[in-house]
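Trainee: I would like to learn how to read strands, helix packing and salt bridges from a model. Can we work through one together?

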Amino acid sequence: MSEDLLISKMKNHGVRPTAVRVMVGRLLDSADHPMSSLEIEMALDTVDRSTITRTLAIFSENGLVHIVEDGSGAAKYEICTSDHNEKDSDMHLHFHCVNCGRTMCLPIPIPAITLPEGFTAESANFTISGRCDICNKTKL
């Protein structure tokens, strides 16, 4: 997305678009996979770790990113595609390759789950682990 659209999205989510926040948002938006804070830190070597951590916390608190727990021990972040008021529409499956370590979004919605009476879902994290298409092609 364009920088103007990213800034507009940040404002719609209640995030003040500082220079660093725009840099982190642009990086996440252009990534082809959810990124860990370490990957972000390595890509933005002029921004210190604590600033990145605070930025990701603000993004998460305001629904601008969602956190992917893929079993690797490192939380990964990706820009939400939905509007702030439609966070359920952004819930989709993720795949974590146990061979190469990549985590990627799959364009498959999370299946509907009926919870017991009295329970209310606020988020869902659905990650499938296995070997990705590239690793399967190079399997000996």
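**Reading the strands, helices and salt bridges**

Mentor: Start with one caution: this is a predicted model. Now take a cross-strand pair. Ile67 stands opposite Tyr77 in β3.

Trainee: In which sense do β2 and β3 pair, and over how many bridges?

Mentor: The general idea comes first. Strands of a sheet pair through backbone hydrogen bonds, in a parallel or an antiparallel sense. Here β2, residues 65-68, runs antiparallel to β3, with four bridges between them.

Trainee: What is the bridge partner of Met35 in β3?

Mentor: Tyr77 again: Met35 has Tyr77 as its bridge partner. Met35 belongs to β1, residues 35-36, and β1 pairs with β3 over two bridges, also antiparallel.

Trainee: Which way do the side chains of β3 point, and are they buried or exposed?

Mentor: In a regular strand, side chains alternate between the two faces of the sheet. Strand β3 covers residues 76-79. Lys76 and Glu78 point one way, while Tyr77 and Ile79 point the other. All four are buried. Note that this includes the lysine and the glutamate.

Trainee: What is the strand order in the sheet that holds β4?

Mentor: The order is β5-β4-β6. It is an open sheet of three strands, and its pairing is mixed. The edges are β5 (103-109) and β6 (127-130). Each has a single partner strand, so one side of each lacks a neighbour in the sheet. On average, neighbouring strands of this sheet are turned by 30° against each other, direction ignored.

Trainee: In which sense do β4 and β6 pair?

Mentor: Parallel, over four bridges, with β4 spanning residues 92-97. For a landmark, find His96: Ser129 in β6 is opposite.

Trainee: Now helices. At what angle do α2 and α4 pack?

Mentor: Two numbers describe a packed pair: the angle between the axes and the distance between them. For α2 (residues 19-30) and α4 (residues 49-61), the angle is about 75° and the axes are 10 Å apart. The two helices are therefore roughly perpendicular to each other.

Trainee: Which residues of α2 and α4 meet?

Mentor: From α2, take Val20, Arg21, Val24, Gly25 and Leu28. From α4, take Thr51, Thr55, Leu56, Ile58 and Phe59. By type, the residues of this contact are six nonpolar, three polar and one charged.

Trainee: How many salt bridges does a search of the whole structure find?

Mentor: Three. In the pair Glu3 and Arg26, the closest N and O atoms are 2.3 Å apart. This pair links distant parts of the chain: Glu3 sits in α1 (residues 3-12) and Arg26 in α2, 23 residues apart. Glu3 is partly exposed, at 38% relative accessible area. Arg26 is partly exposed, at 38%.

Trainee: Which residue does Arg49 meet in a salt bridge?

Mentor: Glu41, at 2.9 Å from N to O. Arg49 is exposed, with a relative accessible area of 55%.

Trainee: How far apart are the closest N and O atoms of Asp133 and Arg102?

Mentor: They are 3.9 Å apart. The cut-off for a salt bridge is within 4 Å, so the pair counts. Arg102 is partly exposed, at 35% relative accessible area.

Definitions and conventions: Residues numbered from 1 in each chain as written. Predicted model: local features only at pLDDT ≥ 70, side-chain atom pairs only at ≥ 80, totals over all residues. Heavy atoms only, no water. Buried < 20%, exposed > 50% of the residue type's maximum accessible area, 1.4 Å probe, protein only. Pairing = 2+ DSSP bridges. Axes fitted to C-alpha atoms, helices over the stretch in contact; angles between N-to-C directions. Parallel < 35°, antiparallel > 145°, perpendicular 65-115°, else oblique. Contact = heavy atoms within 4.5 Å. Nonpolar A, V, L, I, M, F, W, Y, C, P; charged D, E, K, R; others polar. Salt bridge = Lys/Arg side-chain N within 4 Å of Asp/Glu carboxyl O.
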